[in-house]
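Please read these comments alongside the model. They go from the whole chain down to single side chains.

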Amino acid sequence: MENTDKRVFLLDAFALIFRAYYALINSPRITSKGRNTNAQFGFTNALVDLINNQKPSHMAVCFDTHAPTERHTEFADYKANRQEAPEDLLSAMPDIKTIVEGFNIPIMELDGYEADDVIGTLSKQAAAAGYEVYMVTPDKDYGQLVSDKIKIYKPPYQGGLAEILGPKEVCEKWNIKDVSQVIDILGLMGDAVDNIPGIKGVGEKTAAKLLAEYGTLENVVASADSIKGALGEKIRGGKDLAILSKKLATIITEVPVEFHEENFRLRDWNKTALNDIFNQLEFKTLGKRILGDGFEGGYTPPEGVQTDLFGNAVKTAAAKRKRLRPTDWRKEAPSWKPPWKEGKSLKDQGKKAKAARFRREEKHS
């Protein structure tokens, strides 16, 4: 399992968990006890595929915590527009941490900081130690961290291919000259998903044009009096919020965490722990695929319970109709749109239900 190459993969846990949960929203994995295990199932699949296909030498999974951050202190409405995550998803978090620990992968989280900040700090440290770093996330904000040694790895989604984004790809996506301008463009245009205001009426294309001429957000604001027409008025009226927005969008890279070379090295799995959690979640076929003949899968679906191709109990359409009440069909119908990061329809990543995220979404495919 060990790889002698110095390649570290840092996973943005919540972004990947939410993505996994909603990818299976129309064909949920339901246990014999009625638990929805979409998040656990999808995340485990993604993690194993990453290990097997990309063969990293080192890895860590980074989580957000519920504690407020400096961003919340500076701007009370930061992320205030977020809807509460579904209970099925929230209840999956302890299981997912148990799974990560079963693979002997370190979990990194720190109150007062978001996973982005933890990943940003670890990325800089690992790159300085000579590692090739991959930030595993669909989140566009990470573009500000990209360098020749640090890249974004966007996992495949709904039949698509994985993307690896370096400086060239990030600049092309944003139509900017340098990745340092990612926070400038976010400061100017804002980010509706995180409730970062930006300058009202300034979108991505206008922000890119301003940066092409002035270089930085600060230069744009300083030149506001010379910018004619409605755009100049917008900049003069929104300059304070623009400066604040740039700060809110900036990923902190000096978090008090440390890249431990040996602790982050992939090692043999704790197969006993994985066997236990897979049995609890009734991952019969998935457990066998991951653990092989050593998997002691003891779950057998009760007689009359329909299963999917993975051996998991599923609720039939008739069962779903039976438990729907007239007052809650809007919540449970497949057309319900979850609050995923970008607010972009899943046509780019799959089609019209908005994929959600506790922290962020699939920002810019």
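The numbered points below take up the fold, the sheet, the aromatic pairs and a few individual residues.

1. Overall make-up. The model is predicted. Its chain has 15 helices and six strands. Of the 365 residues, 50% are buried. Among contacts with a separation of 6 or more, 66% are between residues 24 or more positions apart.

2. Six strands form an open sheet in the order 3-2-1-4-5-6, and the pairing is mixed. Strand 3 (107-108) and strand 6 are the edge strands, since each pairs on one side only. Strand 1 (residues 7-12) and strand 2 (residues 58-62) run parallel and are joined by five bridges. Within this pairing, Leu 11 has Val 61 of strand 2 as its bridge partner.

3. Strand 5. How many of the five residues of strand 5 (residues 150-154) are buried? Five of the five are, so the strand is largely enclosed by the rest of the structure. In a regular strand, side chains alternate between the two faces of the sheet. Here Ile 150, Ile 152 and Lys 154 point one way, while Lys 151 and Tyr 153 point the other way. Both lysines belong to the buried set.

4. Neighbours of strand 5. Strand 4 (residues 132-136) runs parallel to strand 5, with four bridges between them. On the pairing with strand 6 (residues 163-165), the sense is antiparallel and there are three bridges. Tyr 153 takes part in both pairings: it is the bridge partner of Val 136, and its own partner in strand 6 is Ile 164. Tyr 153 also belongs to a cluster that ring pairs form with Phe 9 and Tyr 134.

5. Aromatic pairs. The whole structure holds nine aromatic pairs. In one of them, the ring centres of Phe 103 and Trp 269 are 4.8 Å apart with the planes at 80°, so the pair is edge-to-face. Phe 103 is in the loop between helix 5 (93-102) and strand 3, and Trp 269 is in the loop between helix 11 (229-249) and helix 12 (271-280), so the pair ties together parts that are 166 residues apart in sequence. Both residues are buried. The rings of Phe 278 and Phe 283 have centres 6.1 Å apart and planes at 40°, so that pair is tilted. Phe 278 is buried at 0% relative accessibility, and Phe 283 is buried at 1%.

6. Charges over rings. The charged end of Arg 29 sits over the ring of Phe 41, 4.7 Å from the ring centre. Likewise, the charged end of Lys 97 sits over the ring of Phe 63, at 4.9 Å from its centre.

7. Val 221. This residue lies in helix 10 (residues 217-222) and is buried, with a relative accessible area of 15%. Val 221 and Ile 235 are 14 residues apart in sequence, with their C-alpha atoms 6.6 Å apart.

Notes:
Residues are numbered from 1 along each chain as its sequence is written. This is a predicted model: local features need pLDDT of at least 70, side-chain atom pairs count only at pLDDT 80 or more; totals for chains, interfaces and linings use all residues. Side-chain values use heavy atoms; hydrogens and water are left out. Helices (H or I, at least four residues) and strands (E, at least two) are DSSP runs, numbered from the N terminus. Buried means under 20% relative accessible area, exposed over 50%, partly exposed in between (1.4 Å probe, protein chains only). Two strands pair if DSSP finds at least two bridges between them. Contact means heavy atoms within 4.5 Å. Rings of Phe, Tyr and Trp (its six-membered ring) pair if their centres lie within 6.5 Å; planes under 30 degrees apart count as stacked, over 60 as edge-to-face and the rest as tilted. A charge sits over a ring if NZ of Lys or CZ of Arg is within 6 Å of the ring centre and within 35 degrees of the ring normal.
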